[in-house]
Amino acid sequence: MKRVRLVLLLLSLWLAAPLLASSEADSLLARLQPVGSGELTFFGMTVYHATLLAPDGVYDPQRVHALQIDYRFGFSRERLAAASVDEMVKLSSRPLDRQALQQRLTQLLTDVSEGDRLVSLHRPGEGADFYNRDRYLGRLADAAAAAEFFAIWLHPQSREPGLRARLLGEQK
């Protein structure tokens with residue numbers, strides 16, 4: 001009987017782990033303040049509005065920070081993952097397993113429609129948590145891959161230097 005209780009306890013803790021991670025991340029997200037924000041436009045149309053969040057509104061790449069993206073167009077999770085991996089590969093200083101990374105991001109991300117919000121919470125040295133509004137989607141546990149994901153927007157050689165400057169609060 002004690003074994004059955006122990007197994008049930010362990011099983012309930014295992015099943016609750018994503019909820020615990022989500023609750024902790026939700027609490028952390030609530031304490032972050034905007035650093036800067038900007039829009040990605042393509043041929044004059046706004047694709048999304050992004051906001052960088054950090055403790056006290058001060059970005060430090062070595063401290064927790066988050067990126068909130070409010071979409072103005074719909075995209076499939078596969079398309080979001082493929083575009084992310086393309087940018088990560090361009091900016092990475094190490095060889096990446098493109099297929100494995102794309103598969104993991106496809107699992108983490110969701111299809112988005114106009115008005116949807118995705119939030120990524122970066123924990124440098126640990127990984128990143130992903131949300132669709134307030135729903136926890138999962139964790140990218142590879143710390144280097146998480147940093148490379150955030151580099152899409154924050155790396156000095158970002159494809160969108162104007163958006164990067166606005167996210168970092170360097171430009172209005």
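Biologist: Which residue caps the N-terminal end of H4?
Modeller: Asp142 does: one of its side-chain oxygens lies 3.0 Å from the backbone nitrogen of Ala144. Helices (H or I, at least four residues) and strands (E, at least two) are DSSP runs, numbered from the N terminus. Please note that this is a predicted model, where local features need pLDDT of at least 70, side-chain atom pairs count only at pLDDT 80 or more, and totals for chains, interfaces and linings use all residues. Residues are numbered from 1 along each chain as its sequence is written, and side-chain values use heavy atoms, with hydrogens and water left out.

Biologist: How many of the 12 residues of H4 are buried?
Modeller: The number is 9, so H4 is largely enclosed by the rest of the structure. Buried means under 20% relative accessible area, exposed over 50%, and partly exposed in between (1.4 Å probe, protein chains only). Among the buried residues are Phe149, Phe150, Trp153 and Leu154.

Biologist: And at what angle do H2 and H4 pack?
Modeller: Helix H2 (residues 77–91) and helix H4 (residues 143–154) pack at about 100°, and their axes are 9 Å apart. The axes are lines fitted to C-alpha atoms, for helices over the stretch in contact, and angles run from 0 to 180 degrees between N-to-C directions. The two helices are therefore roughly perpendicular to each other, a term for angles of 65 to 115 degrees.

Biologist: Which residues of H2 meet H4?
Modeller: Ser84, Glu87, Met88 and Leu91 of H2 meet Ala145, Glu148, Phe149, Ala151 and Ile152 of H4. The residues of this contact divide into 6 nonpolar, 1 polar and 2 charged. Contact means heavy atoms within 4.5 Å.

Biologist: Let us change topic. Where is Leu140, and is Leu140 buried or exposed?
Modeller: Leu140 belongs to strand E6 (residues 135–140). Leu140 counts as buried, because its relative accessibility is 4%. Leaving aside neighbours within four places in sequence, its contacts include Arg104, Leu108, Phe130 and Ala145. Gly127 is another residue in contact with Leu140; the two are 13 residues apart in sequence and 5.5 Å apart in space, C-alpha to C-alpha.

Conventions: Parallel < 35°, antiparallel > 145°, perpendicular 65-115°, else oblique. Nonpolar A, V, L, I, M, F, W, Y, C, P; charged D, E, K, R; others polar. Polar contact = N/O pair within 3.5 Å; in protein donor to acceptor, adjacent residues only side chain to side chain.
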